[in-house]
Amino acid sequence: MSDNNKDQDPIENDQPEEEADQAAPTEVTDKSVPVEISKVLPNELVIYPLGGRPFFPGMLTPIQVDGSPYYDIIRQALDTPGKMFGIVLSHAEDGKEVFDAKKLFRVGTVARIMESAIDEDKKQIKLLAEGLSRFEIKKIIAPDPPIVAFVKHHEEKAELTEVEADALKPYTMAVIGSLKEILKYDSLYQEQVKMFLSRHNFGEPDRLADFVASMTSSKREELQEVLETLEIRPRLERVLSLLKKELEMVKLQDKISRQVEESISDNQRQFFLREQLREIQKELGITKDDRTADVDQYRDRLKKLTLTEEAEKKITEELDKLSILETGSSEYGVTRNYVDWLTSLPWGVHSTDKLAINRARSILNKDHDGLDDVKKRILEFLAVGKLKGEIGGSIILLVGPPGVGKTSIGQSVARAVNRQFFRFSVGGMRDEAEIKGHRRTYVGAMPGKILQALRLKKVANPIIMLDEVDKIGASYQGDPASALLEVLDPEQNVEFLDHYLDVRFDLSKILFICTANQIDTIPRPLLDRMEVIRLSGYITEEKLKIARNHLIKKQLNKNGLDSSHLRFSKEALRTIIEGYAREAGVRRLEQKIGSITRKAAVRIVEGEAEMPIRIGRAQVLEFLGKPDFRNEKPFKGVGIVTGLAWTSLGGVTMDIEVAQIGGGKPSFTLTGQLGDIMKESAQIAFNHVKSNSKKLGGDPKILFEEAIHIHVPEGATPKDGPSAGIAIATAILSMARNQAVARQIAMTGEITLTGQVLPVGGIREKVIAARRVGIRELFLAEANRKDYEEVPDYIREGFTVHFVKKFSQVAKLVFEV
């Protein structure tokens, strides 16, 4: 039941106070006096529930019923002395819920069957019903169809006193005046008025109010309010308000109809005039040929452009050339395409930037949860642009794991500054012609993607996103990365020269946004021209917000559902995140939510579930099966230390194991598919601990005389980099001291041969990885203090971090050396 109908709560089955007054139908004491059957109103009525619009007293309506339960309702009404039944609006508009007694409004209309025709075989009844008066349901006697109710009738006054009539006259005249206005615009209303006047007159304000209300196209709830208004004056006031709205709508419909008719008439007139003009020109021999028409079209385009001197000269030459070529020649087609491109580019056409910081902040916060540091950098960038008066000529590089929102951030920036947005991927691109265009000597030659974007967006200052710039290739056809240098260099792109166009075009007003998963594969000259903004992975709490605010709604809409069909609990989302979607981004999370949504859709269609389907932890396990990830705690023991590593998918923890192997010559073995840099780091860590074994409390005999084996689990995964240096050294020292690490710790940092601890990258991602597995004590290089302080407070909360310069500090804190 909707909030705006609180006074029509579900009907209670208690005895009404007025029951004594309504104990029996009106009896006829004098049999010699005839009584109209319409005035003998029973106190028990069979109810005919409506799902559409309410039925008013004074109305005549034909009704056809087919099958139960409507057939049973009418049959029961026909068996009553007065052939009467109650018509009541239901809160439900269709379906079985219409027959739910709890969903009925309290006030309805008594209807009398005037004529009826019954087909017993088909269980079909056709009848004509007349509305008599209002009634109020006081008690439901039979809640199952056919519904029977105990009612209280509300009779209208047969005659009004002169004072009452005078008080209502202004309202009546206002209603009649508005009705006359409507009749001017729509003839359909005239037939309804004639039918009303054949049975009533405008001097009956109660019937007038009911008639006018039923005639309008108002909402069912508004009409029900009129039906429930028993006093005539308030009823006329409500009807007058509805009638004013109807008048405005009718006027608007009339205006639209006139505009459409005028448009059709103008189009027909122009068509006939063009045909006549074509015939006249044909007779006089002045019809334009295709060549002239093309040249005139291109000259018309030039009137809207602001050309450079070079471009204007080139276009003029080509138009002069086009005007003397034969239309059937191949050179005509080549020249025509070239001029078409030249005149289609937005020379001097720029959109107006909106650099309001508050507006940009609002858009970024609405489109993305988390990424506070990235939003801050973008707002700083826009603030500088506002002070300069423009943001063109800048190149932003968004670097981060897949699925963290790099592309969508670019789209949000475009919305924030009110610029056109164009995205294309350069991943795998091997031909520089994709950037700088083909030379016109080739068949099917065309400009590069940059100029194609400008032609499509029709402005010279859009935002162009170059996706996957770290995956750009090279071949014998050229190096696209080198071609991008001219495009992205603010000093060069003022006079960008496309091979096809062969005319310099200014790209300096374009805002370029590039995306990459890592910067290692981006050529250094290209990287130097970009402002790097890093997008790290999301923690569980951020993923929860993103799922609730964005992903669930997106997947429900995609699969034809809404929140009334399917609801996810917080526990269910956390189960998906921690058991199936631990990657840095949210793409996998969205896929899993989509999978659950599709499986739920099958159950809904098959009718196997009650709605809404509530998704908890048990339902997640049922729909998605066994979790892909287990909540494993880091290994513990002698020679085992947890390190932190960065990958293109985000931060991860890795356990480093060191074991002493007796019975052989001194040796040093490394396993776990380690890269060359990591092997060197392990050798340096071993040699440092070996050379300082006495100072660090290790057993020199083990380090100098025994075989040592270092292994990093998950051997199928390649690993490289120097950041595990101090973790390897700590594991070796643990083995040499035969002492396990007593606390749950993790560490990252490069170690030198003299024991210096050097900074490494990816601190934010590594902190997130430690939080994910429940580790709250970290060892970082002193030089990484600044990087750690840039990590948001809500990620750093609860951590104890030791910043060290030398490995001896690590040994002292871990083993109390």
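The dialogue below takes up helices, aromatic pairs and charges over rings.

Q: What kind of model is this?
A: The model is predicted.

Q: How is an aromatic pair described?
A: A pair of aromatic rings is given by two values, the distance of the centres and the angle of the planes. In this structure, a search of the whole model finds eight aromatic pairs. One of them joins Trp-347 and Phe-505, with 4.7 Å centre to centre and 55° between the planes, and is tilted.

Q: Where in the chain do Trp-347 and Phe-505 lie?
A: Trp-347 is in the loop between helix 9 (330-344) and helix 10 (357-367), while Phe-505 is in strand 11 (residues 504-505). The two are 158 residues apart, and the pair links distant parts of the chain.

Q: Why does Trp-347 count as buried?
A: Buried means under 20% relative accessible area. Trp-347 counts as buried because its relative accessible area is 3%. Phe-505 is also buried, because its relative accessibility is 3%.

Q: Which kind of pair do Phe-668 and Phe-686 form?
A: Phe-668 and Phe-686 are stacked, at 4.6 Å centre to centre and 25° between the planes. Phe-668 belongs to strand 18 (residues 667-671) and Phe-686 to helix 21 (residues 676-691), 18 residues apart.

Q: Is Phe-668 buried or partly exposed?
A: Phe-668 is partly exposed, because its relative accessible area is 22%. Phe-686 is buried, at 5% relative accessibility.

Q: Which residues do ring pairs link into a cluster?
A: The cluster consists of Tyr-48, Tyr-70, Phe-85 and Phe-99.

Q: How many residues of helix 4 are buried?
A: As a general idea, an α-helix has 3.6 residues a turn, so residues three or four places apart point the same way. Helix 4 (residues 205-215) is mostly covered, with 10 of its 11 residues buried. Among them are Asp-206, Leu-208, Phe-211 and Met-215.

Q: How many residues of helix 25 are buried?
A: In helix 25 (residues 763-772), eight of the 10 residues are buried. They include Ile-763, Arg-764, Val-767 and Ala-770. Just after helix 25 comes Gly-774, with a positive phi of about 90°.

Q: Which ring does the charged end of Arg-455 sit over?
A: The charged end of Arg-455 is placed over the ring of Trp-341, 4.2 Å from the ring centre. In another case, Arg-776 lies over the face of Phe-799, and the value to the ring centre is 5.4 Å.

Definitions and conventions. Residues numbered from 1 in each chain as written. Predicted model: local features only at pLDDT ≥ 70, side-chain atom pairs only at ≥ 80, totals over all residues. Heavy atoms only, no water. Buried < 20%, exposed > 50% of the residue type's maximum accessible area, 1.4 Å probe, protein only. Helix = DSSP H or I, 4+ residues; strand = E, 2+ residues; numbered from the N terminus. Phe/Tyr/Trp six-rings, centres within 6.5 Å; stacked < 30°, edge-to-face > 60°. Lys NZ or Arg CZ within 6 Å of the ring centre and 35° of its normal.
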